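Me: I would like to learn how to read salt bridges and helices in a model of this kind. Could we go through them one feature at a time?

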Amino acid sequence: MKSSEIRDKFLKFFQEKGHLVLPSFSLVPQNDPTLLLIGAGMAPLKPYFTGEKTPPHPRVSTCQKCVRTPDIEKVGLTARHATFFEMLGNFSFGDYFKEEAISWAWELVTRGYKIPEERLYVSIYENDDEAFAIWRDKVGLPESKIYRLGKEDNFWEIGPGPCGPCSEIYYDLGPEHGCGRPDCEVGCDCDRFLEVWNLVFTQYNKEADGSYTPLVQKNIDTGAGLERLALVLQGVSNLFEIDIVRPILEHFAAKAGVVYGRDKEKDVSLRVLTEHLRGVAFMVADGVMPSNEGRGYVLRRILRRAVRHGQLLELEAPFLSEAIPLLVELMGDAYPELSKSKEYILRIIRLEEERFKETLDQGMEILENHIAALKAGGESVLPGEAAFKLYDTYGFPLDLTREILGESGFSVDEKAFNSALEQQRERARAAMGTQEAGQKNVLLSSLVKGMATQFLGYDTLSAEGEVIGIVAAGRGELLAEADLKTGEEELYLILDQSPFYAERGGQVGDTGLITAAEGVALVKNTLPGPGEQILHLVEIKEGRIHAGERVRALVDHKRRQDIARHHTATHLLHRALRDSLGEHVHQAGSLVAPERLRFDFSHFTPLEAEEVRRLEETIHGLLQKNLPVRTSYMDLDQALEKGAMALFDEKYGEKVRLVQIADYSLELCGGTHVRSTGEIGVFKILSEGGVGAGIRRIEALAGDSAYHYFANRDEILKEVSMLVKAPAEKVPEKLQEILESQKELQRRIKQLSQKLSQHHIDSILEQVDYSLGVPVLSTQVEAESMENLREYLDKLRDKLESGIIMLGSVNNGKVFLAAAVTQDLVKKGFHAGRLIREVARITGGGGGGRPDMAQAGGKDPQKLPQALSGVLSLVQEQQKQ
């Protein structure tokens, strides 16, 4: 049975049992900061299990793509470990429970997939008599085939919260796959009994004290590994032989010119490439980009491990990306995102392959030298600092270093590595001020606990509010009042309601004024508090402001409007980029300020000038159409179904705000915008460039900033026009004439300079001393740099043909020395390096070099004549040796 048939049969079976079949969720978790990647079928459904959200249906079934990396170093070494897999599952949210879950699972396995009952066994939690009775009495399974296992094997829990016993269905692969022990049975650590389906009965809540309380709403969470079912139903011995995996393995084997199964070490590398290709392709398709943080680092670890194993097979990068079309052919029907993003996936993987290849050889050479040193010194542990340098300089993930060391019987000091990594992060945090900011946020949390601000700024820029808090953040105090003498650099006012927008989502905070009965405060910035507060960073300009009094908050209208123009322009740019470059484009960061916008997005190559011009034309056309900009609120799921663009790493609530620009753009956004695109006025892209692997950045202007940009350019053009004495439209032509003329003048100057230089060389050669029977030239020349001095040296040596040359020069109070000995005299024992060392010593410096060429520096320019005059004596000493 093909994998596609296994997948379809599972979902159709549960659809007929009244389940809502949902497509696989993205590998990137939505609104779940506890997870980097989806690693289980139930993970995207967690809000339904916890009651945080209402499920779309009480019964759901999915085939969920998953990535797990705890055993990444075992992938390839065994034929059963994988980072990527598909998990088939059926779920009940307070609807059916154990009897249905068990009965349906058995029905599908035995009647649907027609797996022989004599090869099947089940396990239950040792105290779960209810499950035992269902298996024995309802299903009719003999007691001898029902195994009671302990909490470690058959009870699902992760700390306090919902948990419960589970029951697993096993397939007997046969004694040839076992350990050979007479007592080998379900629960044995060997590979004979393969778990194909796990049924979790969520019926308890684990309390903080460790006790278990029965849940009112009992849930079902099951998971059947597609690859494992395929292994059984296709009659193969491991996942690398199933129909959607084996062709990839054969592809890499053919490319490497090897036959799978003939060389254990090559088999390991083939399995690594095959398995890791699947994981990296699906991660990139879901918007994950290689990086050194979070899920991007997971992707980089997997991909770079694969690149290293490709090198072991002597494959030339890029080789992973070349297999993407085959993967799309095998799995594109089930996962359309693969087909849709094929070119994008290919290019991102190729870029990362090529990037790592640049440093892989160097890093491997260094690591091999470390291994040789460990062997020679009788050591077994690589210092963590060395591993960190491999990570930081050559891009070696720690687990790759650990794996390579393990192959030679060595290990790494991970504690020291983590210490070095943390020190680097602390330096980065110190540079950014984030550590101090984090500590301050903790302090603020305790000071403003219980305070909340209602935001009014979508509808008005002026409002009255009550001062519910005056915070002196630097001192960590709440004040009763603030005046000109308060002397606090970080003074925050918190109001019960405010029109001031707090910095978030890339949009800067508002500025303006807060006026009270006896005082005026300038709002320099507005920031989000640790809770529901809006923090107004203020400077008292007049009088005093008291806690508890009513004040008027007034936002700088002009500045807010400029920000709104740039924010709406950012949405237009985002949509235009996706239309122009492809749906793989996603926002990767932004800055929306009154004077400019910055937009980071996922893309793999620089934009051509013509592409940038077309973007500007597209957005200009949208401004001309004066499209309406509307905002609305709805449930997150409803908004996503409607096609709203959301940021992967943004945390959204149950209700979200949509910003819609006619039928052109629809995004989840909490920022402020213009009412129609015509209000933006003018748009201009200033620059486009790269800021990281697969991340591009556009900086642009809108509204008044764009107008002033063009006005300034117009003034510059007028000035240039006057200077070159040509009308504006003729300036390029006139400048070309001037540049050509300048080029010709430079050519003539160079010719004259060469003639003068030759004359100067000839005059210097007149100073050669032949008194020792060896031509010796020792003189001071005018040279701007050591490079310039060496040029003199080369020319003089070429002219002299045989001799010893010592040149000195002074520039910016420093002495430069350069010496040369022609090859015929080197053979007679003369040595430029030893000669220059003595000369430099007289000038208070040092240096050295080869017998034929040397350079040095000195600190005392006044001693240079003395040093050069002693060269003849030094040559004579070398002559005697």
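**Salt bridges and a buried helix**

Reply: Let us start with a single pair in this predicted model: R304 and E352 form a salt bridge, and their closest N and O atoms are 2.9 Å apart. The two partners come from distant parts of the chain, since R304 sits in helix α9 while E352 sits in helix α12 (residues 342–377), 48 residues apart.

Me: Are R304 and E352 buried or exposed?

Reply: Burial is judged by relative accessible area, with under 20% counting as buried. By that criterion R304 is buried, and E352 is buried as well.

Me: What should the span of helix α9 be, and how far apart are its end C-alpha atoms?

Reply: The expected span of a helix is 1.5 Å times one less than its number of residues. Helix α9 covers residues 294–312, and its 19 residues should therefore span 27 Å, which agrees with the 28 Å that separates its end C-alpha atoms. After α9 comes E314, whose phi is positive, near 65°.

Me: How many of the residues of α9 are buried?

Reply: Of its 19 residues, 16 are buried, so α9 is largely enclosed by the rest of the structure.

Me: Where do E744 and R747 lie?

Reply: Both E744 and R747 belong to helix α21 (residues 731–765), where they are three residues apart, or about one turn of the helix. They form a salt bridge in which the closest N and O atoms are 2.5 Å apart. E744 counts as partly exposed at 28% relative accessibility, and R747 counts as partly exposed at 42%.

Me: Which residues are linked with E464 in a network of salt bridges?

Reply: Here the reading moves from a pair to a group: E464 is linked with D496, R550 and R552 in a network of salt bridges. As for the total, the structure holds 59 salt bridges.

Conventions
Residues are numbered from 1 along each chain as its sequence is written. This is a predicted model: local features need pLDDT of at least 70, side-chain atom pairs count only at pLDDT 80 or more; totals for chains, interfaces and linings use all residues. Side-chain values use heavy atoms; hydrogens and water are left out. Helices (H or I, at least four residues) and strands (E, at least two) are DSSP runs, numbered from the N terminus. Buried means under 20% relative accessible area, exposed over 50%, partly exposed in between (1.4 Å probe, protein chains only). A salt bridge is a side-chain nitrogen of Lys or Arg within 4 Å of a carboxyl oxygen of Asp or Glu.
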